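Here are my notes on this model, point by point. Please read them with the structure open.

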Amino acid sequence: MFYTTGRDENVAPIKDEMILRGLNENNLKNIDLNISKGKMTVFTGISGSGKSSVAFDTIARESRRQMTLNYPLYVRNQMPRYERPHADLMQNLSPVVVVEQRSAGGQTRSTVGTYMDIDPLIRLLFSRIGNPQVGSATDFTRQSTFGRCPRCDGFGEVVIPDADLLVDFNLSLRDYAVRFKPLSPSGWQGQWMMSCGLFDPDMSIKDYSEKKRHLLIYGPPGGGTVDAPFHTKDGPQNAQWDGLLPRFSRLYINRDTAKLKQITQEDVLAVCTRTLCPLCEGSGLNPKVLDSKINGMNILDLRQSEMTELLDELQRIDHPLGESIANQAILSVKQLIDMGLGYLSFSRKIANLSGGEAQRVKIARHLGSSLNNMTYIFDEPSSGLHPQEVDLLIQMLKNIKRQHNTVIIIEHDLTLIKAADEIIEMGPGAGTKGGEVVYQGKPEFLKDSLLAATNLEHRLQINSSPREIKEYFSIENADKNNLKHISIAIPKHVFVCVCGVSGSGKSSLILEAFYEKHPESIKVSQDSIGISTRSTLATYMGIMDDIRSAFAKATGQPAGLFSFNSIGACPVCKGKGVTSPDVAFADPVTILCEACQGTRYSQEARSYHLKDKNIVEILELTIDEAVDYFRQERMLKLVNTLKDVGLGYLTLGQTTSSLSGGEIQRLKLASHLKEEGQIYLLDEPSLGLHMKDNAQLIEAFQNLVNKGNSLIIIEHNLDFIAASDWVIELGPEGGKRGGRIIFEGSPKALAAAQTVTAKWLRQGIAE
């Protein structure tokens, strides 16, 4: 994009670009960059090379910081405040929209409809043109007093105490026949039951007469209560017995258990049965709300419809007011369909989406914006996507660019990298060995770079000699979510890869159906690890406990002295390593603690040594150095696990909050691989990893299987699929049109098959 002053034809055009000089955030080494606006620029490079430090910690943070300066002080004080990035010059930035890897919705009730703002519009639609009209838009929710089902209180199911779960009939009251703490002898109600004179506290419940047993469990015939004095130090007090089940329902089901100290909701549900509410049939809505219809469909019918079906229904509306509301919802529905998510319903919970589905929902949310001259920063948008879906993603990203926006992408997927206008590769290594620009230019010239780790001409290496299969795990008639009653034999003691398009049923088959049958499996899902500035590699892996114990044993000091989260913390910064002085309304400032020089430890803690190193010097060891330093077998095993997944360059004291997405993914894998197991279930272990990192991780997986373990991974990355011994593909599509096994066999056999994954596998071999 170029522009001129319009006054002098001899003036050279000025290129519209972001000008960045002297970037020093995190591991960046005083780099300079010019990033063209109106283009699609991909940052690539091995994990931890500095990509996020440029895109998020510099460009995005500075844009947001300057945007907040447009608001009055009293407004800015209510908004997030950003510290100025470490840079000499940041010029020509535009407003930034960030689409990160983290999950799309944090609340358990969040759905595709609420996230995309479709649900409020549908509720508004029914409140205006539904027949009969029954209330306002809020009355079409389970949160409304009128809208929720009066029988189940909006939960969609009825919770009923189960006498067989609540009471052990072989025991007496004194021997804790009642298996719910507040109603047992440990609580006043249990003491009351034993002393009220109605029941023999030392007779097993099964030996009670039928009449007495009924009184204990259900209360007097026909309901009501009977006199049952409650004995206190002041003598007997009048009290009424109503039966265990009626009392339990009144005290623990029909009230907010969060306000109770002794028990949790899980304790209550453990002695109850849950059944579908007969009044609302599981919808949680008042039947009067469900009576309101548009073109013969109520709000529940629309919520359960796929997006393609919903679009048809919205386009059928011919009411003038209804059309206006429907058209607003149609825009978001079309965006989801365009992203290949037409099979989803808008009642689908965000938490239940596959990684690829959640990623596309996040992107679809931004496609409807009519703003331009913005900068969109995407953090690995291909995460969780099948190669077939990456092609669709590229078209969506190009559409955003065509609307006169700048698109910056952090990415490892070769197909997406090739589609960029410009590539910026960071490196040459990771951590302290990274932070430099090793290539900037067009994709076709990347091959000429001597330092770049990305090879756009990468060829897949098909496993031509898979391991021999002798035993199988069996799954019979699996029908979780969209699975179509699958029965399958999965090989044992080999490397198995489960693939297929997003929503095809991979997670339902492996992480649910298989895991339920084999709960002894070590399951590594896509859940976050809970990063923190107080958590380090050493603490996360459990190495820190051994280090503190070794120091305590060698010095005679308490182990807590060697923790910056305990008595060993620097008294000035409280173990943070930095201080944040109060600067009133100015931008926040973080300063290295002068007392401990950022080490976080007190002078006393630093004065003790173990093998000629103090606690700070030990935490400054890289994983590679720690392998040579430690002698204890357990500690060596833990640091070697980190080295095996390619984290040898990180230090023991590196905080988890400072890690890149790929580093976090490998740390999570390492924390599970340290466990002794026989069956490993991994959900997309390649997330956030560069092709060079993938090769090292594949080697670690092969070693794991060579030790006799069974490894089953859910994966889209073709390198992992090609390297496996056995491939299972689900499909043929996502949602209702998925859930079937469409291929089982070796990677070589897959390359000759006619499935969607096979097509991309053949292309990866041929390129």
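1. Buried means under 20% relative accessible area. This cut-off is applied below to a predicted model.

2. Start with Ala550, which sits in helix H19, residues 543-555. Its relative accessible area is 16%, so Ala550 is buried under the 20% cut-off. Beyond neighbours within four places in sequence, Ala550 is in contact with Leu610 and Gln632. The pair Ala550 and Leu610 is separated by 60 residues in sequence, yet their C-alpha atoms are 7.8 Å apart.

3. Next, Thr454. This residue belongs to the loop that runs between strand S17 (436-441) and strand S18 (472-478). Thr454 has 6% relative accessibility and therefore counts as buried. Its side chain makes two kinds of entry worth checking in the viewer. With the side chain of Glu425, Thr454 forms a polar contact of 2.9 Å. With the side chain of His690, Thr454 forms a polar contact of 2.8 Å. Residues up to four places away in sequence aside, Thr454 also touches others, including Thr44, Gly45, Leu414, Ile417, Leu446 and Met691.

4. Now a helix pair. How do the axes of helix H6 (residues 188-195) and helix H8 (residues 244-253) cross? They cross at roughly 160° and come within 14 Å. The angle is over 145 degrees, so H6 is roughly antiparallel to H8. The crossing of H6 past H8 is right-handed. On the H6 side, Gln189, Trp192 and Met193 take part; on the H8 side, they meet Leu244, Arg247, Leu251 and Tyr252. By type, the residues of this contact are five nonpolar, one polar and one charged.

5. Check the cis peptide bonds. One joins Gly427 and Pro428, with omega about 0°. Pro428 is in the loop between strand S16 (422-427) and S17. Another joins Gly731 and Pro732, with omega about 5°. Pro732 is in the loop between strand S28 (726-731) and strand S29 (740-745).

6. Look also at backbone phi. Asn295 is not a glycine, but its phi is positive, near 50°. Asn295 lies in the loop between helix H10 (287-290) and helix H11 (299-303). At 40% relative accessibility, Asn295 is partly exposed.

7. Is Arg600 buried or exposed? Arg600 is buried, because its relative accessibility is 12% and the cut-off is under 20%. Arg600 is likewise not a glycine and has a positive phi, about 80°. Its place is the loop between strand S23 (591-592) and helix H20 (603-606).

Conventions. Residues numbered from 1 in each chain as written. Predicted model: local features only at pLDDT ≥ 70, side-chain atom pairs only at ≥ 80, totals over all residues. Heavy atoms only, no water. Helix = DSSP H or I, 4+ residues; strand = E, 2+ residues; numbered from the N terminus. Buried < 20%, exposed > 50% of the residue type's maximum accessible area, 1.4 Å probe, protein only. Contact = heavy atoms within 4.5 Å. Axes fitted to C-alpha atoms, helices over the stretch in contact; angles between N-to-C directions. Parallel < 35°, antiparallel > 145°, perpendicular 65-115°, else oblique. Left-handed = near helix turned anticlockwise from the far one by under 90°. Nonpolar A, V, L, I, M, F, W, Y, C, P; charged D, E, K, R; others polar. Polar contact = N/O pair within 3.5 Å; in protein donor to acceptor, adjacent residues only side chain to side chain.
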